[in-house]
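This report goes through one protein model, from the whole chain down to single residues. Please keep the sequence and the 3D view open while reading.

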Amino acid sequence: MERGILTVISGFSGAGKGTIMRELIQRYDYFLSVSATTRSPRAGEVDGKDYYFHTKEQFQQMINGGELIEWAEYVGNFYGTPKKHVEEQLAQGRDVLLEIEMQGGMLVKEQFPDALLIFISPPSASVLRERLMGRGTESPEEIEKRLLRAVEEVKYMKDYDYIIVNDELEDAIKKINDLIQYDHYKACNSALMIEKMEREIREICSAEGRVNHG
């Protein structure tokens, strides 16, 4: 069985990552790796479904125990990706989605060189600001922090494999799903198929006495 594709999806806060992720999970057979975080739950968020909510002390224990693929601090809170479930799902051939910050994306790429990195962006900075204000979940001070953070985050865009502009939601969802599916056809992700083909060709040639065993 071929390993699944590990896809990192990042983007500015307010770019629409959460909506896109929900639609991808509902429509396709992707495994969403639930992140651990020290931030407080938002209205309607469920522990173990949206995030694993931990204290900073608990999060530090996970870091010390090597239980995270990556972790990063974002606007005063910590976020990280638990390792165990990701490895299990990839080994079973299932495609895994990680919704994480850019620093974490770079760390994942170091550990998983074949990971697919996709960056989601709004069509403009003014649209980004409008979306942040429209969520109604942050204070003006928090919105300002996220915009200032975006100034640093934009520097990571060049390090991602693809940039998807989330202007039309349906179009963005389709493009991301297509990119993940196309990634299965990369030679580096088809090792078992290549090995099988080589073995079968050698068997055929050997049966016909055409393989040079020297």
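## The chain as a whole

The model is predicted. The protein chain has 214 residues, of which 40% count as buried. Its secondary structure comes to eight helices and nine strands. Along the principal axes, the C-alpha atoms fill a box of roughly 75 × 40 × 30 Å.

Contacts can also be sorted by how far apart the partners sit in the sequence. Among contacts between residues at least 6 apart in sequence, 67% join residues at least 24 apart.

## The largest pocket

How much space lies in the largest pocket? The value is about 1,100 Å³. The pocket is lined by 38 residues, and those closest to its centre are G18, R22, R42, Y51 and E99.

Several elements give two or more residues to this lining: the helices and strands named α1 (17–27), β5 (68–74), β6 (77–82), α5 (125–135) and α6 (140–153). The most comes from α1, which gives seven residues.

## Aromatic pairs

A pair of aromatic rings is described by two values, the distance of the centres and the angle of the planes. In the whole structure, a search finds eight aromatic pairs. One of them joins W71 and F78: the ring centres are 5.9 Å apart and the planes stand at 50°, so this pair is tilted. The angle falls between the cut-offs of 30 degrees for stacked and 60 for edge-to-face. W71 has a relative accessible area of 38% and is therefore partly exposed.

Y74 and Y79 form an edge-to-face pair, with 6.3 Å from centre to centre and 70° between the planes. Both Y74 and Y79 are buried. Ring pairs also link Y51, F53, Y74 and Y79 into a cluster.

## A closer look at Y79

Y79 is in strand β6, one of the elements that give two or more residues to the lining of the largest pocket. Is Y79 buried or exposed? Its relative accessibility is 12%, so Y79 counts as buried, the cut-off for buried being under 20%.

Leaving aside neighbours within four places in sequence, Y79 is in contact with A36, T37, R39, Y51, F59, E70, W71, A72 and Y74. R39 lies 40 residues away along the chain, yet the C-alpha atoms of Y79 and R39 are separated by 8.3 Å. The side chains of Y79 and R39 make a polar contact of 3.4 Å.

## A closer look at D183

D183 lies in helix α7, which covers residues 169–183. With a relative accessibility of 3%, D183 counts as buried. Its side chain is joined to the side chain of K186 by a polar contact of 3.1 Å.

Which residues does D183 touch, not counting those up to four places away in sequence? They are I5, D114, L116 and N189.

## Cysteines

The structure holds zero disulfides. C188 has a relative accessibility of 46% and so counts as partly exposed. C205 also counts as partly exposed, because its relative accessibility is 25%. Partly exposed residues fall between the cut-offs of 20% for buried and 50% for exposed.

Key
Residues numbered from 1 in each chain as written. Predicted model: local features only at pLDDT ≥ 70, side-chain atom pairs only at ≥ 80, totals over all residues. Heavy atoms only, no water. Helix = DSSP H or I, 4+ residues; strand = E, 2+ residues; numbered from the N terminus. Buried < 20%, exposed > 50% of the residue type's maximum accessible area, 1.4 Å probe, protein only. Polar contact = N/O pair within 3.5 Å; in protein donor to acceptor, adjacent residues only side chain to side chain. Contact = heavy atoms within 4.5 Å. Phe/Tyr/Trp six-rings, centres within 6.5 Å; stacked < 30°, edge-to-face > 60°. Disulfide = S-S within 2.5 Å. 1 Å grid on protein atoms, 1.4 Å probe; cavity = no way out; pocket = protein on both sides within 12 Å on 5 of 7 lines; lining within 4 Å. Points joined across faces, edges and corners; volume = space filled by probe spheres on them.
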